Amino acid sequence: MSAAERAEIAELRETVCALHAELVRNHLVAWTSGNVSARVPGADLLVIKPSGVSYDDLTPASMVVCDLDGKPVSDGSGGSAGAGGSGGSRGSAGLSPSSDTATHAYIYRHMPEVGGVVHTHSTYATAWAARGEAIPCVITAMADEFGGEIPVGPFALIGGDEIGRGVVATLAGHRSPAVLMRSHGVFTIGGTGRDAVKAAVMCEDVARTVHLARAFGEPAPLPADAVDKLHARYKNYYGQRYP
Ligand SMILES: [Zn+2]
C-alpha cells in the first residue's frame, strides 16, 4: 500500500466515523444497526463501520478497511489484518467489519461511480419497505433529490451477494440514490459517503411526509415533466457553486 493510499485511508477513517454520528443525530438508527462506508479513491478498498460496536464507541481507528470482496486488509495503522493472529477476518484494530460489508463491497464492484454507501432501518422508510411499496413522487423535495419515486428492491437474505445484487439491479439506471429493500430497510448510494448519508436522511424525511399525507388522503403524483425540471435544476443549479 502506497503512502498516498495510507494518507487517503487515514482521512476516510475520520470522515466515515463522523458520518456515523450523522445517522444518530438524524434518528436513522437504533442500537448498533445501520452503517456507512466509503470507497478509497483510486484503490480497490473501502472503509466501513465495525460490526456490533455502539455508536458512542466508534473512533476513526475502529473503522475497518476491506478489499472489494469485503475482506479486511491492513493499512498499517496499527494491529494486523490478514497476516498476524487475526485470521484475516478482522481489521487493523482487531474488529470485524459490519455484517453488511458484502453488500457494500458488491455495490462498489458493480457501480464504479459510487463512492459512498449507507444502510439503515430508518423507521418510516422501512415501514414502506415492509409493505413492499415504492414511495410515490408527490412532493417537490422528492423530485429534487430522487428524480422520481423511491423504488422497492427484492427481499434478500443477508450473508452473501444477494442483497447487493438486489440493490444494484434496482438502482442501476434509476435516478434515485435510495432503494427500499423489501421487508428490510434502506440502502443509499452517492459519489461520496456524505452524499449517501444525505440521501438516507432525505429518504427518511420524505418517507415520513408522504406517509402522513397518505394517512388522510391520496396525494397526487407530480407531473413527469415537472419532476424532470425540478431534478435537473436541483442537480445543476442548487446550492453554492465554487469555481
Ligand atoms: Zn439491515
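View 1. Strands (E, at least two residues) and helices (H or I, at least four) are DSSP runs, numbered from the N terminus. This is a predicted model, so to speak of local features takes a pLDDT of at least 70 and side-chain atom pairs count only at pLDDT 80 or more, while totals for chains, interfaces and linings use all residues. Residues are numbered from 1 along each chain as its sequence is written, and side-chain values use heavy atoms, with hydrogens and water left out.

**View 2. Strand β2 (residues 45-48) and β3 run antiparallel.** Four bridges join the two strands. Look for V47, which stands opposite V65 in β3.

**View 3. Three histidines hold the zinc ion: H119, H121 and H184.** Each coordinates through NE2, at 2.0 Å. Along the sequence the donors follow the spacing H-x1-H-x62-H. H119 sits in strand β4 (residues 116-120), and H184 is 65 residues away, in the loop between β6 (178-181) and β7 (185-190). Donors here are N, O and S atoms within 2.8 Å of the metal (3.2 Å for Na, K and Ca); water is not among the atoms, so sites may look incomplete. H119 and H184 are both buried, meaning under 20% relative accessible area, with exposed being over 50% and partly exposed in between (1.4 Å probe, protein chains only).

**View 4. D75 sits in the loop between β3 (64-67) and α2 (101-110).** With a relative accessible area of 5%, D75 counts as buried. Its side chain makes a polar contact of 3.0 Å with the side chain of R13. For such a contact, two N or O atoms must be within 3.5 Å; within protein, one must be able to donate a hydrogen and the other to accept it, and residues adjacent in sequence count only if both atoms are side-chain atoms.

**View 5. The largest pocket has a volume of about 470 Å³.** Its lining takes in 21 residues, and P177, G190, G191, D195 and K235 lie nearest its centre. Two or more lining residues come from each of β7, α6 (193-215) and α7 (224-237). The top contributor is α6, with three residues. A pocket is an open set of points on a 1 Å grid over the protein atoms alone, where a 1.4 Å probe fits, with protein on both sides within 12 Å along at least five of seven lines; lining residues have an atom within 4 Å of a point. The volume is the space filled by probe spheres set on the points.

**View 6. The second largest pocket holds about 190 Å³ of space.** Among the residues lining this pocket are L19, E22, R25, R194, D195 and K198. Both α1 (3-25) and α6 give two or more residues to the lining, and the largest share, five residues, comes from α6.

**View 7. E133 lies in the loop between α3 (123-131) and α4 (140-146).** At a relative accessible area of 23%, E133 is partly exposed. Its C-alpha atom is separated by 9.2 Å from that of I150, 17 residues apart along the chain.

Terms used. Pairing = 2+ DSSP bridges.
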